[in-house]
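Here is a short briefing on a protein model. Look over the sequence and structure first.

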Amino acid sequence: MPEQLRFTALLNRVFAGPVNAFLEKLPPAFHPKYPEAPISNGVAMEVLVVAILVLLFLVVRSRLSVEKPRGSQHLAEMLHEFISGQNEDIIGHHSERFIPFLSALFLFILIGNLIGLIPGFESPTGAISGTLGCAVVAFAYYNLHGLRAQGPVGYFKHFLGPVWWLSPLMLPIEIISHLARVMSLSIRLYANMFAGDMVTMAFFTLIPLGVPVVFQMLHVAVSFLQAYIFTLLTTIYLSGAVAQEH
Amino acid sequence: MRKTMMVILAVVVMMLVAMPVYAQGADAAVQKSWAVPLAAGLGMAIAAGLCGLGQGKATASAVEALARNPGARPGLFIFLILGLALIESLALYALVIAFKVLA
């Protein structure tokens, strides 16, 4: 039996059978190492984060009012203003359609980072699988929107660089730099969360009382900052993909 | 998971502290040579030092620009934070490699 968090154990107890059956049916049939616990800690924590977010959204939605806005509405409006202002600064016009995805990405990464501080839970972004998922989704999103905004030919011309006689050189460089974005986004987030844990653990082995709390506070600040940086970089990549020369 | 990580970290700290032990007998009883923890520690130290230099330069220019023009604070703040996070991520790549090498 692998070491499981309480929530993972709960999910595995309920869903182990269907998940195993589903994994068997996939084209390369996956056989999990521990068939009684096919859901890993990371996946279970991601499910928990999504459930928390959906609950938050339902609560905010039920308390919306025009005359007497309450606390949760102020927070939601602040988040919307923040993402929308940033979009306008970076992408320019017609940027409203990106606000839902970017807000969801920001909130998922933020809550995913913070949930690791609660004993009994673990950050889904503290494992490379979680952050790679976020990075691949962001990559697919901005490429799809670039293709949609400029058509396949127009989008491909982006990769060729400013002048036509540089294009055999520019094309591999651009492709590699685009792929490196996935790597940098995922590793930056993963390493920040992992390093926060490691540094807390290092000081815990030296001074078990008082000092690790300072590093937990640092971890909170870093969680906010890294969620913001991920969203900001995705917005910048979006603007690069969608920008039209007028 | 936490317990094994604590044990690994304690072992790493002890290995980094007890360097003279490895300098005496150069036997290859374990697969990893004595240079592995040294490389990991040095690599991370150099990356952290250079990252500190880079972030210091970035912060210095941001503070100077703010002193010249206090009204530009919102725009400057975004650029400062973006620059610092990108520089920091380079040091963190070195940390990831160091951990991969140690394991």
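The points below cover chain A, a pocket and a surface patch.

This is a predicted model: local features need pLDDT of at least 70, side-chain atom pairs count only at pLDDT 80 or more, and totals for chains, interfaces and linings use all residues. Residues are numbered from 1 along each chain as its sequence is written, chains are lettered from A in the order in which they are written, and side-chain values use heavy atoms, without hydrogens and water.

**Chain A**
- Chain A has seven helices and zero strands (DSSP runs: H or I of at least four residues for helices, E of at least two for strands).
- The C-alpha trace of chain A spans about 60 × 55 × 45 Å along its principal axes.
- Of the 246 residues in chain A, 40% are buried (under 20% relative accessible area, 1.4 Å probe, protein chains only).

**Second largest pocket**
- This pocket holds about 750 Å³ of space.
- A pocket is an open set of points on a 1 Å grid where a 1.4 Å probe fits, with protein on both sides within 12 Å along at least five of seven lines; lining residues have an atom within 4 Å of a point.
- The lining has 20 residues, and A:Phe57, A:Leu75, A:Ala76, A:Leu79 and A:Leu107 lie nearest the centre.
- α3(A) gives the most to the lining, with eight residues.

**Patch on chain B**
- B:Trp34, B:Leu38, B:Leu42, B:Ile46, B:Leu50 and B:Leu53 make a nonpolar surface patch of about 630 Å².
- Patch residues have over 30% relative accessible area and no salt bridge, with nonpolar side chains joined within 5 Å (salt bridge: Lys or Arg side-chain nitrogen within 4 Å of an Asp or Glu carboxyl oxygen).
- B:Leu53 sits in helix α3 (residues 35-68) of chain B.

Technical notes: Patches are made of residues with over 30% relative accessible area and no salt bridge: like charges are joined within 9 Å, nonpolar side chains (Val, Leu, Ile, Met, Phe, Trp, Tyr) within 5 Å. Accessible areas come from the Shrake-Rupley method with a 1.4 Å probe; for residues, only the protein chains shown count as cover. Grid points are joined across faces, edges and corners, and a volume is the space filled by probe spheres set on the points. Buried means under 20% relative accessible area, exposed over 50%, partly exposed in between (1.4 Å probe, protein chains only).
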